[in-house]
Amino acid sequence: GLGEHRAKAERMFSLMDGFLKNDPISLQKDILHHVEYTVARSRFSFDDFEAYQALSHTIRDRLIERWHDTHIFFKRTKPKRLYFLSLEFLMGRSLSNSVINLGIQDQCAEALNQLGFEFEVVAEQEGDAALGNGGLARFSACQMDSLATLDYPAWGYGLRYEYGLFRQIIVDGFQHEQPDYWLNFGNPWEIARIHVTYEVKFYGTVEEVEMNGDKQKIWIPGETVEAVAYDNPIPGYGTRNTINLRLWAAKPSSKFDLEAYNTGDYINSVVNRQRAETISNVLYPDDRSHQGKELRLKQQYFFVSASLQDIMRRFKEEHTNFDELPEKVALHLNDTHPSLSIAEVMRMLVDEEHLNWNKAWDIVCKIFSFTTHTMVAEGLEKIPVDLLGSLLPRHLEILYEINHHFMEELKERIGLDYSRLSQMSIVEEGAVKSIRMANLSIVCSHTVNGVSKLHLETLKTKTFKDFYGLWPEKFQCKTNGVTQRRWIVVSNPSLRDLISKWLGTEAWIRDPDILSGLRDHVDNADFHLEWKMVKRINKMRLAEYIEAMSGVKVSLDAMFDVQVKRIHEYKRQLLNIFGIIHRYNCLKNMDKDSRRKVVPRVCIIGGKAAPGYEMAKKIIKLCHAVAEKINNDTDIGDLLKLVFIPDYNVSVAELVMPGADLSQHLSTAGNEASGTGNMKFLMNGCLLLATEDGSTVEIIEEIGADNLFLFGAKVDEVADLRENGVSNLAPLQNASPLKVPLQFVRILRMVRDGYFGHKDYFKTLCDSVEAANDYYLLGTDFMSYLEAQAAADKTFVNQEKWTRMSILSVAGSGRFSSDRTIQDYAESTWKINPCRCPL
Ligand code: GPU
């Protein structure tokens, strides 16, 4: 009975000795305990990596306590939960972040110190968890941090890829990809839940059976694999709440195929079973183009099926009636990658729970919300019907039926406008008949979110114009954000201390709007001095790293100018490189006197190209070819350096952003849905040189156009410029009959003629920006770009002005915290409330 239960609980608690303690001595005891019993090294002799392992397990224990308490509390209060479904999470390192969010950074540092170790060195031992490609995946990670910090009852669901994003190595200036077998060194941050498993089925046929006089479709699957849960605790800052990121790994089913084993072919049977594990083996490395690969589709369904079984089981433990589902469950689709969820929930409700179609559809339309991360329709995900029909035959039927109902509704609303009907259809007819996952997601979601104001505007007027006409109320803007915990507190401790000192509080770490208080000190000379000192310290760290990576020595007096992000033609790293060549040409043509007035530059470029993206790979090679020329030109010396930072990832970003003076965000207007790197640089007091694209438009609103360097065509000029070479909106400005300025042509010529070597190899790259083909308008924007660069140089000479702009950047960065984004989602999209676990 209850009494017995309580007596048992009390005895357990007395044995437990209370919760783990966080004073330095207790931490040391625990670290040594883990050295001896978890790492199995002698406590009298262990190295930095073993110290990392032991400290991580020490922290993990503390996370587990909080995580248990949080989940017991959620179970007791039964709040509406958010399930954040994403195929990618770029978590990076966990140790520093956890220690900071638990509020035990100083204690840990002291504990390690007394054991003869240094926290920074120990933290450096950790490898990145890189289960994602770029912005979309890192944004998922920032959102998890904010969900935990703001006490929301949320779960993240994802895949536990055994190989994360490839490692980039550079050989002779070319990118090579190496597998990232990140689990080789163990992962103390996950908890294997060997008993939380679900069967996931594929292939097979659909049959019709009689059920209580009704005809009912059932799916007879042909293959079964097992999904095993791995839980990753996500601690909030300034709260006990620690939420869960549950990642699924594929394992062979524990059910045996008896026949195969009885035929005596034992070895082959085992080998075949083992193939199941390939499903979660490797992350697809091409961001924004997932088209028509069976393994990718298998990954998506594997993820969807396991997550939804888990979510439904939890719902059924707490509730009996599916009418309550919309009040208790919010399912969020992070882009279309998890959108098979829609068909899967319909299948569960109709085929397994025997709800009628309309009732099930009504429920489904109340639980899904959707965020799209792309501006351009070409990037939208499509799944060939043949592929889907063979892998998931029942789901294909369901998708057809959803579309049938939608088309009927649409005909009633808009009449027999066949062109519009076919454009809005979930099914795309044509050479390859496909399912349009974005259309599916829009039809079924109660909210469709854009990731910046400009992005939402494009969705409404272009990409999803017809859907906007049909359901204007569905479309909402939720401008992205990044977490200041990682992007200031973890990555820039000196700035953290400085901000807190001058604001007189650390409250901004939970309440980022407080950062605006820095404006009060924007003209204080002491503040300026300390601000510049912090930047100098961070530049020193970065310079050391650059020298270690590339052998190039750089001057701390130079302007550190950074462009780090995935390599894409639309992000225009090529424009940056052309600008650098231009600068080089100018320097070469100057006399000694003029050179003395030049602001020295260190140009830093970093980023990965998708393995199959030839043009992006050529950009990387060109960068190296130009760097080789410039860096070895003794004539130029410290006036200009170009370095490519290899293997750009989250932990490299943490080092690069604090040390940057200037950062570049060069996407042709109308291509970058939001951008989040710009926000991270902003938080680190780095000035932006940018086009008016994505979220930069809102950064301008917040800090004023005077506090960054803007250039380039505006979004509503781009179409005209592409077509006519001039903008109808600004005829005077672009009146030149030559679309492309002479300087640009000259630089193109140099590359074409082999000035940097590899003439043949760069040919297609040059062709892609030749006047007629210059889709991303490099030539058109070139002069404007050079002007913005010149303005940056001019301002850098005036350090007082520069520092002012830098301070105002940080002061205006509060709006770009993911805390703001998440609160907005919680209140207006998910309709969830904070659920704070008591201390
Ligand atoms: N983004 Br679609 C990705 O990183 N990968 C993708 O496949 C797609 C979008 C990015 C957007 O390019 C970027 O503008 C945005 O800030 C980010 O998603 C998060 O919304």
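Helix α12, which covers residues 340-352, packs against helix α15, which covers residues 393-414, at an angle of about 95° and with the two axes 9 Å apart. Because of that angle, α12 counts as roughly perpendicular to α15. On the α12 side the contact is made by Leu340, Ala343, Glu344, Met346 and Arg347, while α15 contributes Arg394, His395, Ile398 and Leu399. Sorted by class, the residues of this contact are five nonpolar, one polar and three charged. These details, like everything that follows, are read from a predicted model.

A second pair of helices can be described in the same terms, since two packed helices are described by the angle between their axes and the distance between the axes. Helix α22, made of residues 525-550, packs with helix α33, made of residues 799-811, at an angle of about 80°, and their axes lie 10 Å apart. This angle makes α22 roughly perpendicular to α33. His528, Trp531 and Lys532 form the α22 side of the contact, and Glu800, Thr803, Ser806 and Ile807 form the α33 side. The classes in this contact are two nonpolar, three polar and two charged residues.

For the complex, the predictor gives an ipTM of 0.99 together with a pTM of 0.97.

Two residues draw attention through their backbone angles. Most residues other than glycine have a negative phi. Arg572, by contrast, has a phi near 55°, a positive value in a residue other than glycine, and this residue lies in the loop between β19 (559-564) and α23 (573-588). Is Arg572 buried or exposed? Arg572 counts as buried, because 27 C-beta neighbours fall inside 10 Å. Lys831 also has a positive phi, of about 55°, although it is not a glycine, and its place is in the segment after α34 (818-830). Lys831 counts as partly exposed, because it has 15 C-beta neighbours inside 10 Å.

Arg752 lies in helix α30, which spans residues 742-752, and it is partly exposed, since 15 other C-beta atoms lie within 10 Å. Gly677 belongs to helix α27, residues 677-683, and counts as buried because it has 26 C-beta neighbours inside 10 Å. Leaving aside residues up to four places away in sequence, Gly677 touches Val564, Lys565 and His665. Val270 sits in helix α9, residues 266-274, and is exposed, because 12 other C-beta atoms lie within 10 Å, a count that falls under the limit of 12 or fewer for an exposed residue. Cys586 is found in helix α23, and it is partly exposed, with 15 other C-beta atoms within 10 Å.

| Pair | Separation along the chain | C-alpha separation |
|---|---|---|
| Arg752 and Phe762 | ten residues | 6.8 Å |
| Gly677 and Glu401 | 276 residues | 41 Å |
| Val270 and Thr447 | 177 residues | 46 Å |
| Cys586 and Arg76 | 510 residues | 69 Å |

The C-alpha atom of Gly677, whose surroundings are counted as buried, is separated by 41 Å from that of Glu401. For Cys586, a residue of helix α23, the C-alpha atom is separated by 69 Å from that of Arg76.

How values were computed: Residues numbered from 1 in each chain as written. Predicted model: local features only at pLDDT ≥ 70, side-chain atom pairs only at ≥ 80, totals over all residues. Helix = DSSP H or I, 4+ residues; strand = E, 2+ residues; numbered from the N terminus. Buried ≥ 20, exposed ≤ 12 C-beta atoms within 10 Å, placed from the backbone. Axes fitted to C-alpha atoms, helices over the stretch in contact; angles between N-to-C directions. Parallel < 35°, antiparallel > 145°, perpendicular 65-115°, else oblique. Contact = placed C-beta atoms within 7 Å. Nonpolar A, V, L, I, M, F, W, Y, C, P; charged D, E, K, R; others polar.
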